[in-house]
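The model is shown first, and its features are then taken in turn.

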Amino acid sequence: MAHATDTSTGTTRRDFLMLATGAAGAVGIGAVVVPLISQLAPDAQTVAAGAPIDLDLSPVAEGQAIKLFWRGKLIFVRHRTKKEVDEALAVDIATLRDPQTDQQRTKAGHERFLIVYGNCTHLGCVPLGNAPGEPKGDYDGWFCPCHGSHYDSSGRIRKGPAPLNLPVPPYAFTADTKIKIG
Amino acid sequence: MSRTSFRLALTGLAAGLSLALFQPAAQAAEGAPKPPALSWSFAGPFGTFDRAQLQRGFKVYKEVCAACHGASLVRFRNLSQPGGPEFSAGQVAALAATYQIKDGPNDQGEMFERPGRPADAFPSPFPNEQAARAAQGGAYPPDFSVLAKARTYTRGFPTFIFDIFTQYQEQGPDYIHALLTGYKEPPAGVTLLPGQNYNEFMPGHLIAMPNPLSDGQVEYPKGADGKSPVPETADQYARDVAAFMVWMAEPHLEARKRLGMQVMLFLVIFAGLLYYTKKKVWSRMPDGSPAH
Amino acid sequence: MSGHSSYVPKTGIERWLDARLPIVRLAHDSAVSYPVPRNLNYLWTFGGILVFMLVAQIVTGIILVMHYTPHATMAFNSVEHIMRDVNYGWLLRYLHSNGASMFFVAVYVHIFRGLYYGSYKAPREVLWILGVVIFLLMMATAFMGYVLPWGQMSFWGATVITNLFSALPVIGETIVTFLWGGYSVDNPTLNRFFSLHYLLPFMIFGVVVLHVWALHHVGQNNPTGVEVKNVEKDTVPFTPYATVKDIFGMVVFMIVFAWFVFYQPNYMGHADNYIVANPAATPAHIVPEWYFLPFYAILRAIPDKLGGVLAMGSAIVVLAFLPWIDTSKVKSMSYRPIARQLFWAFLAVCIGLGYLGAMPAEGGYVIASQIFTVLYFGFFVALFVVGLFERPKALPTSIADAVLAASAKNGSAARMAAATAAEPNVKG
């Protein structure tokens with residue numbers, strides 16, 4: 001391509017041809033990338049397996065907490081004691097890093113049940129505090145051993161590096177002690 | 001050695017080749033006849049499934065075949081995905097719920113049964129191959145998931161070369177249809193043992209499966225005139241269930257052929273542009289002189 | 001061809017990098033200014049096509065591994081999971097499985113091109129031997145890849161091919177047990193084949209680098225077989241001349257590739273491989289993938305176990321000795337009237353063997369396979385003998401002369417060469 005073409009029309013035609021060919025090549029390469037990237041997304045079975053699940057809360061005794069998975073994510077279901085509920089309600093939310101009332105995090109009439117995702121909002125470790133004898137942190141909730149985040153009895157971040165409260169998954173009560181998650 | 005001797009050698013080669021090539025014809029005669037090639041809606045570069053046919057095929061599968069044949073890789077949700085029978089999501093959820101699916105273990109460590117969900121696979125009629133064989137007098141009803149791709153017949157020379165250009169690849173459904181309609185009285189001299197049946201298209205002709213389809217056996221959805229738009233015959237059932245099996249084996253067939261057309265068009269245009277670009281580049285040598 | 005470098009760094013950054021790692025210089029010298037004989041025909045685009053296929057196989061392969069499970073009880077279903085559930089999984093899987101076949105289509109064209117134009121002769125012996133090594137690695141990779149879906153053909157192919165080693169005296173049985181990692185083809189076999197199937201393509205890549213290095217050191221052969229004498233007159237720079245031509249060849253090849261992937265994805269496979277592996281039942285007809293068929297026919301032609309294995313091995317290894325088997329001084333068979341006929345006969349024999357490899361090992365097929373096996377090896381003997389007395393046609397004095405002579409004949413039946421380069425006044 002080191003030489004010039006003879007006429008101006010020749011140059012235009014050649015430039016257009018080069019441009020069109022180059023553009024088509026770019027389109028082709030772009031199209032090839034689509035399947036290579038989209039295969040990384042969750043596959044159809046993973047998506048379908050994320051259907052809502054039913055859970056019976058009646059076996060969970062007061063003061064007890066259980067763990068379960070929905071869409072591969074860990075969920076804590078905690079049957080709180082009267083003391084823990086009262087503590088959660090007594091907090092002045094203006095002092096919180098991620099201000100939320102306990103009412104916003106539970107369902108009316110079912111305040112004794114707290115249902116939250118079970119991964120620390122800092123970097124994803126599982127906080128301690130479900131099993132008897134485990135440290136519950138300074139606020140009767142959970143304590144994350146990885147980097148020392150303390151959550152209160154409403155799952156709200158109170159101390160440590162985590163930025164946010166433990167999120168509440170989508171769920172609804174279908175009966176007095178039955179919920180549907182998802 | 002002269003040129004003639006090489007010509008001779010070449011002729012000998014050709015003779016040897018043709019000797020080998022024409023042998024299969026003699027061989028095919030003693031085996032099963034070739035299944036008739038039917039016209040399928042999903043054949044060819046623009047092929048698509050006939051939704052109504054797939055829905056009928058599913059009904060045949062569910063009411064007849066599923067008693068013995070599983071389809072363990074197919075999930076209820078597949079029935080509503082694009083490019084398949086395209087039942088509604090609600091229909092699929094309702095259908096799945098009519099099945100009991102084994103799940104567990106629960107917190108007591110026990111397996112339990114629950115209503116099916118769209119994400120579940122079709123439940124297999126037998127827990128394992130041994131159970132199937134025990135129940136079927138030693139024969140194993142094969143799983144249907146990819147069976148339409150696992151069944152074929154010899155195309156022979158030169159047909160297999162033409163198939164590249166005609167895109168004929170429906171050996172599976174042709175064979176399945178032929179087999180399902182190929183039950184015959186055994187010819188004189190062939191005695192069937194208990195549990196054996198004679199089928200024209202089965203390799204070796206002896207098949208454990210008794211003739212599964214008969215006219216009027218499955219009731220098809222009625223049209224506006226109160227009659228089924230297609231005949232309720234064994235032949236039609238066989239066509240419909242074979243089409244359904246092709247979809248089970250190749251659920252993305254429509255997407256594949258559609259994308260294929262786009263890719264082909266692009267490549268042809270791109271190749272054309274490149275051809276002229278190449279011509280242009282090669283019309284001059286680096287020093288500017290004409291190429292020739 | 002590795003003369004002085006014509007790379008001139010333009011910017012400060014380029015000069016800075018060039019003084020520390022002359023990587024841009026390397027790319028420029030081997031893909032831009034590298035001189036290419038100006039009379040190459042389209043058969044020479046297959047080298048580029050093969051690089052493309054290797055990269056395509058590695059890319060699709062790495063992606064498939066993200067979704068595949070190498071376990072005897074799960075492999076088959078995980079492939080079907082890819083086909084059914086993974087986004088575009090069907091496309092990636094069909095690209096990879098058909099890609100293997102297309103890779104071999106391209107490599108066979110490449111090999112026969114080298115054979116016809118004498119590309120194995122001095123100074124290209126090492127280049128050619130590296131090619132044979134790549135071919136062997138490709139065969140091993142393709143074989144192990146075919147095992148991974150764990151269908152009936154996978155399983156029985158693995159059983160038959162690994163059992164070839166049991167033909168070796170004394171140590172054979174031990175080798176086979178070590179290949180299997182057990183007493184039959186089973187999960188350990190699948191796992192190690194998976195591991196090696198992932199490894200070998202990178203070894204191929206490494207040998208390809210050597211192959212290209214050797215090529216760029218000695219320069220490309222060309223249809224006349226006459227070496228480059230005057231770089232100015234006989235060659236053109238790789239870019240844009242060879243680049244645009246190679247890309248055009250590649251895209252045409254992709255059209256064929258796409259035809260199979262989108263319209264005939266199972267044409268080159270076997271129906272039996274859609275049946276999950278069953279160690280208790282062998283399919284009635286077990287045959288390898290089409291690209292192994294000629295060698296499989298040679299294996300079966302010999303009625304002795306060890307003899308068959310040795311014959312099959314020799315059929316490949318003999319290629320490496322071709323530079324010394326061929327006694328002719330003339331490279332291109334275009335100028336060798338007798339060798340040229342031998343070449344076409346050899347091609348016919350290979351196709352014939354391929355056909356016979358697909359047929360059952362009985363009756364006339366066995367006899368035909370034996371005749372063709374003798375003819376296969378006979379080609380090499382004949383090539384040796386013919387080179388001693390054959391009188392070649394007059395060679396052009398240079399590549400440039402050959403091009404001029406071809407364009408002088410332009411307008412006659414020999415438009416082939418002219419079609420690749422239009423006359424400047426063609427637009428009229």
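## Strand pairing in chain A

Strand β1 (residues 53–56) of chain A runs antiparallel to strand β9 (residues 178–181) of chain A, and 4 bridges join the two. L55(A) has I179(A) in β9(A) as its bridge partner. Strands are DSSP runs of E with at least two residues, helices are runs of H or I with at least four, and both are numbered from the N terminus; two strands pair if DSSP finds at least two bridges between them.

β9(A) also pairs with strand β8 (residues 171–175) of chain A, in the antiparallel sense and over 4 bridges. Here Y171(A) stands opposite I181(A). With 2 residues between them, β8(A) and β9(A) form a hairpin.

## Basis and confidence

This is a predicted model, in which local features need pLDDT of at least 70 and side-chain atom pairs count only at pLDDT 80 or more, while totals for chains, interfaces and linings use all residues. Residues are numbered from 1 along each chain as its sequence is written, and chains are lettered from A and ligands numbered from 1 in the order in which they are written.

The predictor gives the complex an ipTM of 0.91 and a pTM of 0.91. For chain C the average pLDDT (the predictor's confidence in each residue, from 0 to 100) is 93, and 95% of the residues score at least 70. Over residues 413–428 of chain C, however, pLDDT stays under 50. Where pLDDT is low, the predicted coordinates should not be read in detail.

## The contact between chains B and C

In chain B, 46 residues are in contact with 44 residues of chain C, contact meaning that C-beta atoms, placed from the backbone, lie within 7 Å. On the chain B side, α1 (3–21), α6 (147–150) and α10 (253–282) each supply at least two residues. The largest share, 17 residues, comes from α10(B).

## Nonpolar cores

A nonpolar core is a set of buried Ala, Val, Leu, Ile, Met, Phe, Trp, Tyr and Cys residues joined through C-beta atoms within 7 Å; a residue is buried if 20 or more other C-beta atoms lie within 10 Å of its own, exposed if 12 or fewer, and partly exposed in between. The largest core has 165 residues, and those touching the most other members include V241(B), F244(B), A106(C) and F372(C). Helix α11 (residues 238–263) of chain C gives the most to this core, with 16 residues.

Beyond its neighbours within four places in sequence, A106(C) is in contact with F46(C), I49(C), L50(C), M53(C) and F253(C). A second, separate core of 16 residues includes W142(A) and F143(A).

Definitions and conventions:
Two residues are in contact if their C-beta atoms, placed from the backbone, lie within 7 Å.
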